[in-house]
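Let's take a walk through this fold together. Have a look at the sequence and the model first, and then we'll go piece by piece.

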Amino acid sequence: MEEKYRSHMVNEEGKEIQWRYGSAPEYSVVNKLFEEGRTKEWPSGSLEETVQNVVKSWEMELSHKTCLDDFRSINPSKFKFSVNGKKFLSAEETLNLGSYNALLQSQMPLEMQGYRAEEESFDSSHHVFKTAFPRGFAWELLKLFSGPPEITFKFRHWGYMEGPYKGHGPTGEVVEFIGMAIIKVDENLRAEQVEIFYDPGDLFGGLLKGPKLSSEESAKQDHADLEESLTVNLTPTQEKCPFSI
């Protein structure tokens, strides 16, 4: 099935892409969530649609490609990524951390953190949110304030918490947050600098709202987590992130 919102799923030079889970990801589930839940439907060919799809392509590459040489949505030699004014990460640092860990780094006291990025690997971070949001975590552009070369926009991220999160049971409710982004791009719309601003409390307020699981329920979930961890690198995954999108 042709992917409607993301580019660079095939290497134009004919070179084989190094996919994290062995093959290209499949996005039909989160695309359905996006189409049913979006609040904006931009005209085909508009700058808003282009920017929205560029961001989706960037997130796809960050989550599913393992070699920066295969990236086409960023300029690897110049790329920098920052969240909420924290220090910039290089392309290699961002790729090694993973999209969730890069986005969710926190300077809050440990007891106040809803997620501890330093304790999670790339795979475990994706598993945590894949479990909480089985249908994915959709993303849309809400408002475009300026176009290239410095693109500024407002975005929305949302999903249905239909699975447990860190000892809290599912609520079945929508969990979402609104943010702002500034992306500097080159003449080919490749990202060279990305700055994201949002309130993590909006995300974790929804995720920690669910009832605390009993020790028996937590043990059952831990067993399921272990089983999945044994196969996580053997099967392709669907998009689950910020920028999941």
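Two strands count as paired if DSSP finds at least two bridges between them. Helices (H or I, at least four residues) and strands (E, at least two) are DSSP runs, numbered from the N terminus. Keep in mind that this is a predicted model, where local features need pLDDT of at least 70 and side-chain atom pairs count only at pLDDT 80 or more, while totals for chains, interfaces and linings use all residues. Residues are numbered from 1 along each chain as its sequence is written, and side-chain values use heavy atoms, with hydrogens and water left out.

Let's start with the sheet. Six strands make up an open sheet, and reading across you get S2-S1-S6-S5-S4-S3, with mixed pairing. At the edges sit S2 (89–90) and S3 (138–146), each of which pairs on one side only.

Now follow the strands across. S1 and S2 run antiparallel and are joined by two bridges, with Lys80 standing opposite Ser90 in S2. The hairpin of S1 and S2 has five residues between the strands, and there Asn84 takes a positive phi near 50 degrees. S1 also pairs with S6, this time in the parallel sense, over four bridges; here Ser82 has Glu195 of S6 as its bridge partner.

What lies across the strands? Helix H2 (residues 47–64) lies across S1 (80–83), S3, S4 (150–160) and S5, and it runs at about 130 degrees to S3. That angle is taken between N-to-C directions, on a scale from 0 to 180 degrees, using axes that are lines fitted to C-alpha atoms, for helices over the stretch in contact. Contact here means heavy atoms within 4.5 Å.

Then there's helix H6 (residues 200–207), in which Leu203, Phe204, Gly206 and Leu207 are buried. They are on the same side of H6 because they cover an arc of only 155 degrees around the axis; the arc is that of the directions from the helix axis to the C-beta atoms. Buried means under 20% relative accessible area, with exposed over 50% and partly exposed in between (1.4 Å probe, protein chains only). The buried residues of H6 pack against helix H5 (122–132) and S5. At the start of H6, a side-chain oxygen of Asp199 comes to within 2.9 Å of the backbone nitrogen of Gly201.

Finally, the rings. Rings of Phe, Tyr and Trp (its six-membered ring) pair if their centres lie within 6.5 Å; planes under 30 degrees apart count as stacked, over 60 as edge-to-face and the rest as tilted. Searching the whole structure turns up 15 aromatic pairs. In one of them, the rings of Trp58 and Phe79 have centres 6.1 Å apart and planes at 40 degrees, so the pair is tilted. Trp58 is in helix H2 and Phe79 in the loop between H2 and S1, so the pair ties together parts that are 21 residues apart in sequence. Trp58 counts as buried at 6% relative accessibility, and Phe79 is buried too, at 4%.

Trp139 and Phe153 make an edge-to-face pair, 5.9 Å centre to centre with 85 degrees between the planes. Both rings also belong to a cluster linked by ring pairs, together with Phe133, Phe137, Phe155, Phe177 and Tyr198.

Note on methods:
A polar contact is a pair of N or O atoms within 3.5 Å; within protein, one must be able to donate a hydrogen and the other to accept it, and residues adjacent in sequence count only if both atoms are side-chain atoms.
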